[in-house]
Number of protein chains: 2
Amino acid sequence: MPDPARLDRLRAAVEANFAAQTAFLQELVRFPSLRGREAPLQDWFARQMAARGYAVDRYTLADVPLEGHGKAAPMVDVDPAGSVQVVATRRAREAGGRSLIVQGHIDVVPEGPAAMWTHPPYAGTVRDGWLYGRGANDMKAGVSAMVFAMDAIRDAGLTPAGDIHLQTVTEEESTGNGALSTLLRGYRADACLIPEPTAGTITRAHTGTLWFRLRVRGVPVHVAVADTGTNAILSALHLVTALQRFTEALNELAKADPSFGAMRNPIKFNPGIIRGGDWASSTPAWCEVDCRIGLTPSMEVDEVRRGVERAVEAARAGDAFLSNNPPEVSWHGFLADGYVLEPGSEAERVLAAAHAAAFGAPMEERLSTAVNDTRYYGRYYATPALCYGPGGEGNHGFDERTNLDLLRKTTLSMAAFIADWCGVEEG
Amino acid sequence: MPDPARLDRLRAAVEANFAAQTAFLQELVRFPSLRGREAPLQDWFARQMAARGYAVDRYTLADVPLEGHGKAAPMVDVDPAGSVQVVATRRAREAGGRSLIVQGHIDVVPEGPAAMWTHPPYAGTVRDGWLYGRGANDMKAGVSAMVFAMDAIRDAGLTPAGDIHLQTVTEEESTGNGALSTLLRGYRADACLIPEPTAGTITRAHTGTLWFRLRVRGVPVHVAVADTGTNAILSALHLVTALQRFTEALNELAKADPSFGAMRNPIKFNPGIIRGGDWASSTPAWCEVDCRIGLTPSMEVDEVRRGVERAVEAARAGDAFLSNNPPEVSWHGFLADGYVLEPGSEAERVLAAAHAAAFGAPMEERLSTAVNDTRYYGRYYATPALCYGPGGEGNHGFDERTNLDLLRKTTLSMAAFIADWCGVEEG
């Protein structure tokens, strides 16, 4: 339980800095840090952290041995050498206190048609207690919280007694290679906190995610010869339908998962991008569909991959085009396991106490049907990895926004957690 | 029946010029005269015809009153002022002989992935009696035939006794506005020949064609809220399936058509282009599909349009996304009637005789389930319009090629037809 007097000092500091934090978050949102275009934000962020006195390590994904690592995911159409990572370290005066990694991703997903936004997606507009924009909630709010939680500790006249690494990474929305790179770069700690927008809940488990690209291509039968099965677009739709049935079967199997068994259909299948053909009056000879499918933490990535490939292969039989032109399935991004945060860790206990003190209510838990970066720290490097942060709406959609009151409260609970986990010294 | 001695003189001239004709066709194929990019070819063609002594009228679609004409079709994403037409006229010494329009389109459809071509699509490669390339068959071969049929008449020492207009037009593959423009520009004749690649058959009838764009767009239900009906791509597929059922119903009605009643499924529906979404892990909020559907000559364009719109509207009911987000149907190209060449015209009789003399076999007829430009001359301007020309393979597909032996023979039959239809004078 946080010391009440210290909590009051932290709260006063969070309050005093909150206008600056909001402006900082607006700056973050104004960077259109889409995949492959994150570097300007990272450069700016590195300067911000250096100015605060952190030791800053700025490197790219080309600087770490991702290739050959079993949990690295393929990167297609993006240059690892352009994918900048930042680790800002505040070392304790003496080794001994518990260390901590606080990590946030700064890549955002495409904003879609600008006309569908009430406020421009990269303006950082503030209205009625919400801050709007692509990435405002997922998860630049959390990134602002990790910076200003540390600022609050400093401004409260306190110094953490353990080493702290603030990490901003890329690739969270596509591969997870940014998070993996920090571990390959050598950063370790006694716990990890990732302030994804969980609205003040702790993520007990998340599903895994696979990305794959269906590619239908071949010389079509002439439209005069057959009435069906001559068209790559229609054949791609046939594959999508087959994958919907495969997803239903996977959700049956998911009923045996210890974490997700009680949830209705935790496995989501999403055909997210489609493109095919080039002329209304030509039979399209190709079609590509970029897809995402989930898996429970108890399913193996390779097993689900093979299942997808088998489902596509089986669907060929019923389609005239595909039987002559085998479709390709390529794995072009996420090959992500799910992750379960085992209950009972000291790190979670300390966070729950900090949350209760800051919110005046117990920390609840959630299950997430979307992936986050905690799996790297928690599943592969035996580091308790807590996914907990602010909250809002519209992730990956239109009018994404983060709630500023929740941001203020989680910034305080994070400050209290850091202080209690690492310990603090006066001055 | 062509005069045998005159036919021999024409044959000798066609033979003598055939290497030049092949080179001319290669030049035509080397222009990538895709929609909106036809002008360089037309400029070159206009110079070629001027050098031969034709009176050349070069104008654009912005120079004629297309707007407001009931049979003009909408042009989307292309500038009428950039769409160049050429009419090359050879006037008879005295008015009196029967006049003739010979028309060919020089627009081509996109070539698709270059890797799927054995020979580059715009190289004009000649191999084993075939000339390869996008547009080689559809219908630059026919354009070369109309030029070299006239050259053969000249080189045989003959002069046509009727006015002849050689027209090269655009927009045949998308709207038909190029053909319509020649009529709005004022060109008329006693007959029209369009040497589309019919492989030496006469086209008894062709179906009509409509183009439309389905546009699905809206704020999706969150993937956590519903398992189906949240995805614009899946909803677009739902509409495509509904339109396949509508096409089946249309093919039932087509059984009553006098020309196409005996053909199995003469109405073809083709979703030709699809695009939607921008991220594998975001629920796509939009999807567009460019479609083509046919109609028999006895169906009304407006009736089939309303049928498409009703089918889309009815499909909304079964789809969670669409019931909240009405799809749009827009008409962005062809609104083309079908056309029947009534048997028994003098023009067809003269062509059949010329064909029989050149090929040593009777001219057969065909039904076409694709549109061509004859409808403008034949259906709206009461000009017998003959669709007859060379032949090959791969129109709108890969490895399109025209057969050079067929090209040589149809160039001769066209020369004989022109000579017999217009009459010729020595010298």
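**Figure 1. Phe269(A) is the bridge partner of Ile293(A) in strand β12 of chain A.** The model shown here is predicted. Phe269(A) and Ile293(A) mark one point where strands β11 and β12 of chain A meet. Strand β11 covers residues 269-276 of chain A. β11(A) and β12(A) pair in the antiparallel sense, over seven bridges. Another strand, β10 (residues 208-217) of chain A, also runs antiparallel to β12(A). Here 10 bridges join the two strands. Thr209(A) has Gly294(A) of β12(A) as its bridge partner.

**Figure 2. Strand β12 of chain A is covered on both faces.** The strand spans residues 286-295. Of its 10 residues, 10 are buried. In a regular strand, side chains alternate between the two faces of the sheet. One side of β12(A) holds Trp286(A), Glu288(A), Asp290(A), Arg292(A) and Gly294(A).

**Figure 3. Glu27(A) sits in helix α1 of chain A.** The helix runs over residues 4-30. Is Glu27(A) buried, exposed or partly exposed? Its relative accessible area is 31%, so Glu27(A) is partly exposed; the partly exposed class lies between the buried limit of 20% and the exposed limit of 50%.

**Figure 4. Strand β2 of chain B pairs with β1 and with β7 of chain B.** β2(B) covers residues 84-90 and is mostly covered. Six of its seven residues are buried. Strand β1 (residues 55-60) of chain B pairs with β2(B) in the antiparallel sense, over six bridges. Thr60(B) stands opposite Val84(B) of β2(B). Strand β7 (residues 164-169) of chain B is also antiparallel to β2(B), with five bridges. Val86(B) has Thr168(B) in β7(B) as its bridge partner.

**Figure 5. Four strands of chain B form an open sheet.** The order is β4-β5-β19-β18, and the pairing is antiparallel. Which strands stand at the edges? They are β4 (126-127) and β18 (392-393) of chain B. Each has a single partner strand, so one side of each is left without a neighbour in the sheet. At the β4 end, two bridges join β4(B) to strand β5 (residues 130-132) of chain B. Val126(B) has Leu131(B) in β5(B) as its bridge partner.

**Figure 6. Helices α1 and α3 of chain B lie against strands of this chain.** Helix α1 (residues 4-30) of chain B lies across β4, β5 and β19 (401-403) of chain B. Helix α1(B) runs at about 20° to β5(B). Helix α3 (residues 136-155) of chain B packs on the sheet as well. It touches β5, β18 and β19 of chain B. The direction of α3(B) makes about 45° with that of β19(B).

**Figure 7. The largest cavity holds about 40 Å³ of space.** The count comes to one cavity of 30 Å³ or more. Its lining includes Lys71(B), Ala73(B) and Thr175(B). Leu335(B), Ala336(B), Asp337(B), Arg375(B), Tyr376(B) and Tyr380(B) line the cavity too. Which elements each supply at least two lining residues? They are β14 (335-336) and α9 (374-380) of chain B. The largest share, three residues, comes from α9(B). By type, the lining divides into five nonpolar, one polar and three charged residues.

Technical notes. Residues are numbered from 1 along each chain as its sequence is written. Chains are lettered from A and ligands numbered from 1 in the order in which they are written. This is a predicted model: local features need pLDDT of at least 70, side-chain atom pairs count only at pLDDT 80 or more; totals for chains, interfaces and linings use all residues. Side-chain values use heavy atoms; hydrogens and water are left out. Buried means under 20% relative accessible area, exposed over 50%, partly exposed in between (1.4 Å probe, protein chains only). Two strands pair if DSSP finds at least two bridges between them. On a 1 Å grid over the protein atoms alone, a cavity is a set of points where a 1.4 Å probe fits but cannot get out, and a pocket is an open set with protein on both sides within 12 Å along at least five of seven lines; lining residues have an atom within 4 Å of a point. Grid points are joined across faces, edges and corners, and a volume is the space filled by probe spheres set on the points. Ala, Val, Leu, Ile, Met, Phe, Trp, Tyr, Cys and Pro count as nonpolar, Asp, Glu, Lys and Arg as charged, and the others, Gly among them, as polar. Contact means heavy atoms within 4.5 Å. Axes are lines fitted to C-alpha atoms, for helices over the stretch in contact, and angles run from 0 to 180 degrees between N-to-C directions.
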